[in-house]
Amino acid sequence: MEQTNACNNLKGRHILLGITGSIAAYKAAMVCRLLKTAGAEVQVVMTALAKEFITPLTMATLSKNPILVEFFDPENGQWNSHVKLGEWADCFLIAPATANTMAKMVGGIADNLLLTSYLSARCPVVVAPAMDLDMYAHPATQQNLRILADRHVGIVEPGDGELASGLVGKGRMAEPDEIVAFVNELFSEKKKSLEGKHFVVTAGATIESIDPVRFISNHSSGKMGYAISEELARRGARVTLVSGRTALDCPPGVDRVDVLSADEMYEATVEAYGRSDGGVMCAAVADYTPLEAADHKLKKSDDDLVIRLRRTRDIAARLGAEKGSRLLVGFALETDHEEVNAESKLHKKHFDFIVLNSLRDAGAGFRGDTNKVALIDDHGREDLPLMSKRDVAVHIVDKMESLL
Ligand code: CTP
C-alpha cells in the first residue's frame with residue numbers, strides 16, 4: 001500500500017513489461033500488480049522460455065491484456081507489431097533480464113518479439129538482471145551491463161542473497177517494489193536542481209595532424225567528460241560538450257560540438273563559454289602541435305625525421321582569465337608531485353576546484369570505467385575512493401552545485 005502511494009508518477013503511463021526465462025520470472029507477477037495498482041497500463045511481452053517459468057494466463061490476468069510472445073498469431077495470422085509496441089510504451093521494463101537477453105540486446109540480435117521491441121523502442125529502457133552469481137560476475141556480463149549503461153539503459157542492480165542454485169551472492173533480481181520505484185523515478189517531474197544553468201564541458205583527446213595520414217594524440221577516452229555532461233544534463237542544465245575524438249555516444253539532452261585539433265577546441269569552447277555559467281575542462285588537450293601539417297603524405301628516407309612543434313593555446317587558462325562569476329573546474333592528470341602540480345594549475349588557471357587523478361593509482365586515469373580522484377580547492381583536499389566514472393561525475397557535480 002505504501003508503495004502504491006509513493007509511485008504516483010505512474011498513473012496513465014504505458015509500461016511494456018518484458019519477461020525472460022529466469023526463475024525470478026515469478027516476481028514479474030508482483031511487478032505487474034504494483035504497476036497496475038499505481039495506475040499504469042501494462043502490456044506484457046515474454047520470451048518462449050519465460051512461459052516455462054510463469055504462465056501467460058497469470059500475466060494476462062494481472063495485466064488485463066493478452067500476452068505477446070510470437071511475431072504473429074498462428075491461428076489467425078494477426079501480426080504482433082513490435083514497432084507499434086515500441087511506439088506505445090512510455091517505458092520498456094525487462095524484469096527479469098537474463099544474461100542471454102542482455103547479451104543479445106548489446107549485439108542487436110532480434111530473434112524474438114521482446115528483442116525486436118527493444119530495438120524499436122524510443123522510450124527509456126530499464127533492465128532488472130537476474131542470474132547466478134558467477135554468471136553475473138563474469139566479465140562478459142559485466143561488459144554487457146556497462147555497454148547497456150553507456151547506451152542509457154537503466155539498470156536496477158540485483159541484490160545479494162541466496163540464489164535458486166543454492167549459492168549465495170550477487171545476482172538475485174531486485175525486489176518488485178524497488179523495480180517499480182526505479183521506473184516511477186523516471187517519470188519524476190520534480191524541479192531539476194540545475195535548470196536554467198548552462199555549462200560547457202571539454203572532453204576526449206585532440207588530434208594534431210602531421211600529414212593527411214599521421215597525427216599526434218593521447219590515450220584519453222572521453223569517458224569522464226561524457227559522464228559529467230550526462231550528470232549535468234540529468235540535473236536539468238544545458239550542456240555544450242566540446243568533444244575531441246572518442247568512440248562514445250552523445251549523452252541524452254547534451255549538445256555536442258565535434259572538434260579535432262586543440263585550436264578547434266579552443267575556438268568552440270571560448271565561443272560557448274561566453275554565454276555560459278561555467279565550464280568543466282576535462283579534455284586532454286595537446287600542448288604542442290606540428291608547426292605545419294604537410295598537405296601530402298610524408299615519405300620516409302634513411303635520415304631521422306625532425307618535426308618542429310609549436311605551443312597550442314591553453315583553453316582553461318583563457319577561460320580562467322575571463323571567469324567573472326562563472327564556475328570553472330579543471331583536471332590534472334599527474335604521474336609525480338601530484339598535489340603540488342595540481343595546486344599550481346588550480347591557481348594558475350583560476351579553477352574553483354581541480355580534480356586530481358594520479359596515473360600511479362590502480363584503476364585511475366585513461367580508458368577504464370573507474371577512477372580514483374581527489375577534489376582540491378583553496379580549503380583543502382577531499383580524497384574519493386575508487387569508483388565508477390559515473391559516480392565520480394556525481395561527486396563532481398555535487399561539489400559544483402554546492403559552489404553555485
Ligand atoms: N587544458 C586546456 N587547454 C590546454 C591544456 C590544458 O584547457 N591547451 C586544461 C585541461 O583540460 C585540464 C587542465 O588544463 O583541465 C590541466 O591540463 P594539463 O595538460 O595537465 O596541464 P598543463 O597546464 O598543460 O601542464 P603540464 O602539461 O605541464 O602538466
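Which residues is Leu93 in contact with, leaving aside its neighbours within four places in sequence?

**Figure 1. Overview of the predicted chain.** The chain has 404 residues, and buried residues make up 49% of them. Its secondary structure comes to 15 helices and 21 strands. Taken along the principal axes, the C-alpha atoms fill a box of roughly 75 × 55 × 40 Å. Among contacts with a separation of 6 or more, 68% are accounted for by residues 24 or more positions apart.

**Figure 2. Surroundings of Leu93.** Leaving aside neighbours within four places in sequence, Leu93 is in contact with Ile15, Leu16, Leu17, Gly18, Val31, Leu35, Val126, Ile179 and Val183.

Figure 3. Five strands, in the order S2-S1-S3-S4-S5, form an open sheet with parallel pairing. S2 and strand S5 (154-155) are the edge strands, each of which pairs on one side only. S1 and S3 pair in the parallel sense over four bridges, and the bridge partner of Leu16 in S3 is Phe92. S3 and S4 also run parallel and are joined by four bridges. Facing S4, Ile94 stands opposite Val127, and Ala97 stands opposite Pro129.

**Figure 4. Strand S3 within the structure.** Seven of the seven residues of S3 are buried, so the strand is largely enclosed by the rest of the structure. Cys91, Leu93, Ala95 and Ala97 point one way from S3, whereas Phe92, Ile94 and Pro96 point the other way. The residues of both groups are all buried.

**Figure 5. Helix H6 and its packing.** Helix H6 comprises residues 99-107, of which Ala99, Thr101, Met102, Lys104, Met105 and Val106 are buried. The elements against which the buried residues of H6 pack are S3, helix H7 (113-120), S4, helix H8 (133-137) and helix H9 (139-150). Gly108 follows H6 and has a positive phi, near 75°.

Figure 6. Thr47 is found in the loop between S2 and helix H3 (50-53). Its relative accessible area is 8%, and because this is under the 20% cut-off, Thr47 counts as buried. Not counting residues up to four places away in sequence, Thr47 touches Ile19, Thr20, Gly21, Val69, Asn112 and Leu114.

Figure 7. The elements that give two or more residues to the lining are strand S8 (198-203), helix H11 (223-234), strand S15 (309-311), helix H13 (315-321), strand S16 (327-334), helix H14 (338-348) and strand S17 (353-358). S16 gives the most, with five residues. By class, the lining has 21 nonpolar, 13 polar and eleven charged residues.

**Figure 8. Leu328 in strand S16.** Leu328 has its place in strand S16. With a relative accessibility of 0%, Leu328 counts as buried. Leaving aside neighbours within four places in sequence, its contacts are Tyr273, Gly279, Met281, Ala316, Leu319, Gly320, Lys323, Lys349, His350, Phe351, Asp352 and Phe353. Leu328 and Gln142 are 186 residues apart along the chain, and their C-alpha atoms are separated by 34 Å.

Note on methods. Residues are numbered from 1 along each chain as its sequence is written. This is a predicted model: local features need pLDDT of at least 70, side-chain atom pairs count only at pLDDT 80 or more; totals for chains, interfaces and linings use all residues. Side-chain values use heavy atoms; hydrogens and water are left out. Ala, Val, Leu, Ile, Met, Phe, Trp, Tyr, Cys and Pro count as nonpolar, Asp, Glu, Lys and Arg as charged, and the others, Gly among them, as polar. Buried means under 20% relative accessible area, exposed over 50%, partly exposed in between (1.4 Å probe, protein chains only). Contact means heavy atoms within 4.5 Å. Two strands pair if DSSP finds at least two bridges between them.
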